[in-house]
Amino acid sequence: MTDEIVQNQTASVTAAEPITPVIDKESRNMALLTWIGTLFFGFIPGLIIYLVKKDDAYVNDQAKEALNWSLTALMGYFIGIILSFILIGVLVFPVVGICHLVFCIMGAIGTSKGNAFRVPFAVRLLK
């Protein structure tokens, strides 16, 4: 009788837990390289991985996110160039640079664990 109660309790606990898909190591490493490449080379690694890895949904999603973030950062740098004529742009460059560094590191850490990382301030040009 107590075995049946324990089995029913464990069945109800496991049924309530969300099922997360298991991401294989190759996909995590490719997404990790996408975020690290975005940190150093801008939008180019995200664009290459987005165009080449269409078959892997996780890598394609993270490449799309990295590409969206790098294009957002590029827009921030462009706005900084325009605003530098009135001396405000000097303050915009370090802010965009620090955000780029922090979000790329957060993306690399998230993808190394197999989580889908979303940058909170990215303009979603690719959906």
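Which helix does Asn-68 lie in? Asn-68 lies in helix H4, and the model that places this residue there is a predicted one.

Asn-68 has a relative accessible area of 1% and is buried. Because buried means under 20% relative accessible area, Asn-68 falls within that class at its 1%.

With neighbours within four places in sequence left aside, the contacts of Asn-68 are Ala-122, Val-123, Arg-124, Leu-125 and Leu-126.

Helix H2 (25-41) has 17 residues. From its first C-alpha to its last, H2 reaches 23 Å, close to the 24 Å expected at 1.5 Å a residue. Ser-27, Ala-31, Thr-34, Trp-35, Gly-37 and Thr-38 are the buried residues listed for H2. These residues are on the same side of H2, because they cover an arc of only 160° around the axis. An α-helix has 3.6 residues a turn, so residues three or four places apart point the same way.

The buried residues of H2 pack against H3, helix H4 (57-83) and helix H5 (89-112). On the face of H2 turned away from this buried side are the exposed residues Lys-25, Glu-26, Leu-33, Phe-40 and Phe-41. After H2 comes Gly-42, with a positive phi near 75°.

## Gly-107 in H5

Gly-107 is a residue of helix H5. Is Gly-107 buried or exposed? Its relative accessibility is 0%, so Gly-107 counts as buried.

Not counting residues up to four places away in sequence, Gly-107 touches Trp-35 and Phe-117. Trp-35 is itself among the buried residues of H2. The C-alpha atoms of Gly-107 and Val-119 are 7.8 Å apart in space, while the two residues are 12 residues apart in sequence.

## The nonpolar surface patch

Which residues form the nonpolar patch on the surface? The patch is formed by Ile-36, Phe-40, Phe-41, Phe-43, Ile-44, Leu-47, Ile-48, Leu-51, Val-52 and Leu-74, and together they have about 990 Å² of accessible area. Phe-40 and Phe-41 are also among the exposed residues on the face of H2 turned away from its buried side.

At least two residues of the patch come from each of helix H2 (25-41) and helix H3 (44-52). H3 gives the most, with 5 residues. Ile-48, one of the patch residues, is found in H3. Its relative accessibility is 47%, so Ile-48 counts as partly exposed.

Note on methods. Residues are numbered from 1 along each chain as its sequence is written. This is a predicted model: local features need pLDDT of at least 70, side-chain atom pairs count only at pLDDT 80 or more; totals for chains, interfaces and linings use all residues. Side-chain values use heavy atoms; hydrogens and water are left out. Patches are made of residues with over 30% relative accessible area and no salt bridge: like charges are joined within 9 Å, nonpolar side chains (Val, Leu, Ile, Met, Phe, Trp, Tyr) within 5 Å. Accessible areas come from the Shrake-Rupley method with a 1.4 Å probe; for residues, only the protein chains shown count as cover. A salt bridge is a side-chain nitrogen of Lys or Arg within 4 Å of a carboxyl oxygen of Asp or Glu. Helices (H or I, at least four residues) and strands (E, at least two) are DSSP runs, numbered from the N terminus. Buried means under 20% relative accessible area, exposed over 50%, partly exposed in between (1.4 Å probe, protein chains only). The expected span of a helix is 1.5 Å times one less than its number of residues. The arc is that of the directions from the helix axis to the C-beta atoms. Contact means heavy atoms within 4.5 Å.
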